[in-house]
Amino acid sequence: MYEEPYRWVEAVGNRRHYLDEQFRKGSPVVAASYAEGIVLVTFSRGTPKLYEIYDRLAFAGMGHPADLEKLRFTLLEMAHVEGFNRSPSDVTGARLMKNGLAPTIKQAFEEIYKAPFIVKILLAELGVKAGRDTFLTINYDGTFEETHGWAVLGASDDAQASMRAFLKQEADPQRASLAQTLSMSLLTWAVGSLVQREEEPDSAIPEQTSASAESSSQKSAAAPDPAALREHLRTIGTEMTLECVILGHSLPGSSKYRPLKAGELAGLLPSDLLPAART
Amino acid sequence: MQGDFLQLLKEQGYQFGAAHAGDGAGVMRSDITFGTTILAMRYADGVLVAGDRRATAGNMVMYDRTDKVLEIDRYSVMAIAGVPATAYEMVRVLEHSFKYYRRTQLQELSFEGKLRAVSKLLKDNVAAALAGTGAVAPIFAGYDPDQEAAKIFFYDILGAEFEAVEYAVSGSGSPVIRGILHYLNTWGAKPLSAQTVDEATAQALRLLTSAAEFDSATGGVNREANLYPVVKLITSSGVSRVEEQRLKSLFEEQVSRHV
């Protein structure tokens, strides 16, 4: 029945609906440049969400772990074969995205008899010089976007929009220190996570007072309450694991990717942002 | 096998070593770049690896700024003796193999795994090694985090792996210094493994100068051109290079007045 064009469009529409549902409980990802590199931040349950792809390239994903793993391997193979056969400087995020990820993901999405990839992926690429960092994000339908300064992954368009709005106000990619950017990224994560929570249909909060829910959603679009963000981070810290990775210009050797250990985070984050359960 | 980069390359049509294979009859031996002295020895904090910088083809000096002590990753070094074309290719394969393994398997390749990877490459290269067009006899040194010790291994051109207790040498100039190392380690003021960094570095400079004295294919130190050997140190904090300035002052204090 999908032979008819209308049916096909309808089926793709259904797919969107189905896929949007899959991300609803996912944890957002925030990536932002700072003066000496890039910070990537997220919270995860069990399966890590941040990975190293190549010397200057980090990978972050939302969605189904098996799908993410498959695409991560595609990227790893492409990057290493290219880096070996040509040179490490020929491995770029933009080419991996355009030639590798985007066609694969788009094809899977539109082949309506097969399962789509349940993924949203972010690639962060450390520039050769400071100020040249690139961020690439791709959606489950294969549409991708290149940005500079910062990038986010969130369950819904609204969640992503509020995180970007927050970053636009707070981020300072040229001058901010690692500690500042780390705190700001965590708060951005909380902004996205709170928006996603409000969107959940079975959420216990909205029914309390529909009027206040309305006003709070307006508020979150304008300026999120810092105290609420901190409170949210504190509770999340008891349920999930904070994951932080940097791509740093000053790291020794050719690989610029390094996860931050819990001990280092304690030195970088103010005590009210440190996940409570982990101290 | 999961995380095997060489396998991935082979699937894409790459063959290590095969391009050099053949009976070598068509190639004049003097056309092939050769010559080297490399050495690795224990010292108090770990292992020192040093190599001269000359590459020769027959009687010709091809290049005097070769780096034969190459970092494969933050914790391992391969010093190369033999045909540089094959040796550099080996280093590139190893470098990518270790990275690929770490990134796909989300853990470092074990030290034994790294040693095995070197052997396997040499084995793939046997045809070229026997033909005379691709023989490589490297020294592999690295820090083994499991046993918390820096170790030295050396290989013959067929891929047999030997662990060196105190020191290892390879290359055309190596017979000259092998005896000196044995003498120093057995009857010297202190065993090699008790030397400080400076003592070991000065010793390495003396050894390479001795090798250059008797082997025309070894470069030694060229002070007019400000050319010093490459000296790298492997300790628990990884691989570091001894700065040229340091080599220069050690050479002036402890080496030059004796030659």
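Predicted model: local features only at pLDDT ≥ 70, side-chain atom pairs only at ≥ 80, totals over all residues.
Residues are numbered from 1 along each chain as its sequence is written, while chains are lettered from A and ligands numbered from 1 in the order in which they are written.

**Stop 1: all of chain B**

You will find seven helices and 13 strands; helices (H or I, at least four residues) and strands (E, at least two) are DSSP runs, numbered from the N terminus. The C-alpha atoms fill a box of roughly 55 × 45 × 30 Å along the principal axes. Chain B has a radius of gyration of 18 Å, which agrees with the value near 18 Å for a compact globule of 259 residues (taken over C-alpha atoms; the rule is 2.2 Å times the number of residues to the power 0.38). Of its 259 residues, 50% count as buried, meaning that 20 or more other C-beta atoms, placed from the backbone, lie within 10 Å of the residue's own.

**Stop 2: the sheet from β6 to β10**

Next, colour the open sheet of five strands in chain B with the order β6-β7-β8-β9-β10, where the pairing is antiparallel (strands pair if DSSP finds at least two bridges between them). Its edges are β6 (69–73) and β10, each pairing on one side only. From one strand to the next, the twist averages 25 degrees; angles run from 0 to 180 degrees between N-to-C directions, and axes are lines fitted to C-alpha atoms, for helices over the stretch in contact.

Zoom in on β8 (residues 139–144) of chain B, joined to β9(B) by six bridges. Here D144(B) has A149(B) as its bridge partner. Then follow β9 (residues 149–155) to β10 (residues 161–164), an antiparallel pair with four bridges. Y155(B) faces E161(B) across this pair. In the five residues between the strands of this hairpin, look for G159(B), with a positive phi near 105 degrees.

**Stop 3**

Show side chains for the contact: M90(B), V93(B), L94(B), S97(B) and F98(B) on α2(B), with K114(B), A117(B), V118(B) and L121(B) on α3(B). Contact here means C-beta atoms, placed from the backbone, within 7 Å. These residues divide into seven nonpolar, one polar and one charged. Ala, Val, Leu, Ile, Met, Phe, Trp, Tyr, Cys and Pro count as nonpolar, Asp, Glu, Lys and Arg as charged, and the others, Gly among them, as polar.

**Stop 3: the sheet from β11 to β13**

Move to the open five-stranded sheet of chain B with the order β11-β2-β3-β12-β13, also described by antiparallel pairing. Its edge strands are β11 (167–170) and β13 (238–241), and the twist averages 15 degrees from one strand to the next. Pick β2 (residues 38–43), which pairs with β11(B) over four bridges, and find A40(B) opposite A168(B).

Key: Buried ≥ 20, exposed ≤ 12 C-beta atoms within 10 Å, placed from the backbone. Contact = placed C-beta atoms within 7 Å.
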